[in-house]
Amino acid sequence: MLYQPTRKKLAEVTRTLVNAAMDREKADAVIKGGRLVNVNTGEVQPDVDVAVKAGRVIIIGNASHTIGEETQIIDGSGYYLVPGLLDGHMHIESSMITVTQFARAVVRNGTTGVFVDPHEIANVLGLAGVRLMLDESRNLPLKVYVGAPSCVPALPGLEDAGAVIGPAEIREMMRWDGVLFLGEMMNFPGVLAGEPSVHGELQATLEADRVITGHYAVPEIELGLQAYAAAGISSCHESTRAADVLARLRLGMYPMMREGSAWRDLKATLKAITERRIDTRHAMIVSDDTHPHTLIELGHLNHIVRRAIEEGINPITAIQMATINVAEYYRVNHDLGSISPAKCADIIFVKDLTQMQVDKVMVDGVIVAEGGRVLYDLPAFDYPEFAQRSVHLKAPLEAENFLIRAPSKDGSVTVRVMEVIEAQVGTRHLQVTMPLRSGLISAAVEKDIAKVACVERHKGSGTIGLGFVKGLGFKGGAVASTVAHDSHNLLIVGMNDVDMAIAANKLAECGGGSIVVRDGQVSALVPLPIAGLVSDRPVEEVDQKIRELEQAWKELGCHMVSPFMTVALLSLPVLPELRLTNRGLVDTLTFQPVDLIVTA
């Protein structure tokens with residue numbers, strides 16, 4: 001059966017809701033005898049009925065008077081009734097699946113609303129990409145609220161994306177139905193420096209009376225963070241320490257504490273709450289980036305709520321961080337965030353709050369998932385041809401394109417190296433002495449140093465940045481991906497130039513994705529034809545392909561958690577400490593381009 005939402009705005013149904021509450025009409029559905037998790041008061045109310053009319057809650061308590069002959073009765077005994085979970089910051093594209101497939105994966109686990117920043121697809125397809133995601137989300141049992149991407153590209157002048165978004169584009173998107181906020185302002189150097197274009201985007205958002213979400217990714221939390229907040233930026237998901245969370249809370253900001261597939265920050269960040277017992281009404285827990293494997297094996301926000309509980313957070317407090325706090329921040333608490341009269345009847349049925357295993361999911365008053373399965377077929381969405389032809393190279397790449405030459409022929413040379421840190425977004429900026437062979441600097445297995453190339457793939461300009469990365473454990477071969485945050489150029493990492501060229505060209509042929517090549521042969525390939533970021537296949541098929549990719553990475557010698565996510569950030573020049581774009585290396589503490597070779 002095809003899912004067909006009957007969602008109506010509150011303004012359209014106020015008389016209907018009142019009539020049903022006052023027994024002039026009967027409820028469409030009544031949940032009988034559940035234990036209501038009341039996030040408004042932070043308590044559990046036993047033996048509560050919840051009556052629903054026109055997709056919204058009308059009564060909590062004794063709802064017997066609302067039951068008529070055609071009212072659906074749902075047994076709530078033995079269940080905690082929890083508001084549908086809301087992810088306050090995430091990127092659907094990072095899951096490498098379409099909005100439809102993402103909805104299939106998360107609704108069954110209790111996520112009923114997401115606030116997405118589609119800057120991944122916007123960096124490839126511009127405003128057209130944002131439109132596509134909005135259009136696809138219209139008829140799903142998942143409420144998708146979109147932020148206007150603020151940083152396309154993330155750091156202008158130091159990288160090249162497939163589009164450029166500025167104040168005029170932000171103003172346009174703020175008029176679109178479904179766009180509620182400004183996506184994460186990653187260009188915090190531009191904010192602090194008073195760059196006109198950056199502040200023009202902030203102004204356009206504030207004039208539209210929308211919230212501005214942030215990304216302040218440096219450890220300095222005194223002057224810079226306060227100046228950043230003074231620009232009207234009211235949240236940030238880049239806390240990695242308890243001190244970061246506390247500083248943001250003290251400034252009236254909303255810290256979004258992250259637990260995704262690769263970035264596992266809750267253990268550290270939640271200590272700001274567990275060790276100080278501070279007020280949590282501005283605190284949120286979010287996913288940011290989640291891979292299909294995590295969605296299938298662990299869940300989505302239910303898993304993150306469970307992780308918060310494991311770290312010592314009271315279960316109701318953890319639920320508040322993923323429901324009412326999110327709704328109030330984004331100013332949609334008239335619709336979402338709690339099980340209360342007038343709110344959308346988005347309710348999840350849970351038997352054990354500490355485990356957060358979801359048995360049933362109600363969206364807009366209809367049970368849409370049960371026993372870990374979505375009960376409806378979701379409507380198909382066809383992506384146009386332009387969205388599936390996004391890899392444009394100047395010419396096929398050859399091994400010679402990846403040669404790194406030094407000024408002298410023999411001896412050694414000191415070079416800058418990015419060192420990755422498992423399960424963290426940051427890199428270390430190292431200076432390493434490397435041997436020369438006929439004037440060339442090569443990857444070195446003995447030093448655990450691989451070569452990295454970032455190739456512009458949107459306009460076919462031919463620009464290539466070259467560098468080195470330490471910590472992946474590669475013994476040979478090469479990997480490549482068109483998922484390379486945030487400009488999503490073609491990123492190749494390898495131990496030999498021939499395999500690097502093969503990997504790059506194969507991805508260009510199939511329209512993008514992720515690949516592993518060894519000794520001239522493809523070991524694993526995940527095709528991502530939509531913008532080079534997303535598969536049009538079911539989430540289970542994508543998960544299987546990614547498992548094969550992960551095994552191929554292990555066979556190269558890499559045993560990190562979600563290594564392809566870590567590598568995909570090597571090209572993001574707004575994260576510390578050293579990054580590589582198609583224009584070269586960037587010191588991301590000073591936000592200046594730097595030479596690969598330090599001394600010869």
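My notes on ring pairs and charges over rings follow.

Entry 1. I kept in mind that this is a predicted model. I began with the count of aromatic pairs, and I got 13. I picked out Phe188 and Phe591, whose ring centres are 5.4 Å from each other, with 85° between the planes. I put them down as edge-to-face, since over 60 degrees is what that label takes.

Entry 2. Next I asked myself which parts of the chain this pair ties together. Phe188 belongs to helix H6 (residues 188-193), while Phe591 is in the loop between strand S27 (584-587) and strand S28 (592-594), so the pair bridges parts 403 residues apart in sequence.

Entry 3. I then went to Tyr329 and Tyr330. Their ring centres are 4.8 Å apart and the planes meet at 75°, so I have another edge-to-face pair. Tyr329 is buried at 3% relative accessibility, and Tyr330 is buried at 4%. I also traced both tyrosines into a cluster linked by ring pairs, along with Phe115, Tyr145, Phe181 and Tyr254.

Entry 4. Last, I checked charges over rings. I found the charged end of Arg35 over the ring of Tyr80, 4.2 Å from the ring's centre. Arg131 is over the face of Trp176, and I noted 4.0 Å to the ring centre there.

Conventions:
Residues are numbered from 1 along each chain as its sequence is written. This is a predicted model: local features need pLDDT of at least 70, side-chain atom pairs count only at pLDDT 80 or more; totals for chains, interfaces and linings use all residues. Side-chain values use heavy atoms; hydrogens and water are left out. Rings of Phe, Tyr and Trp (its six-membered ring) pair if their centres lie within 6.5 Å; planes under 30 degrees apart count as stacked, over 60 as edge-to-face and the rest as tilted. Helices (H or I, at least four residues) and strands (E, at least two) are DSSP runs, numbered from the N terminus. Buried means under 20% relative accessible area, exposed over 50%, partly exposed in between (1.4 Å probe, protein chains only). A charge sits over a ring if NZ of Lys or CZ of Arg is within 6 Å of the ring centre and within 35 degrees of the ring normal.
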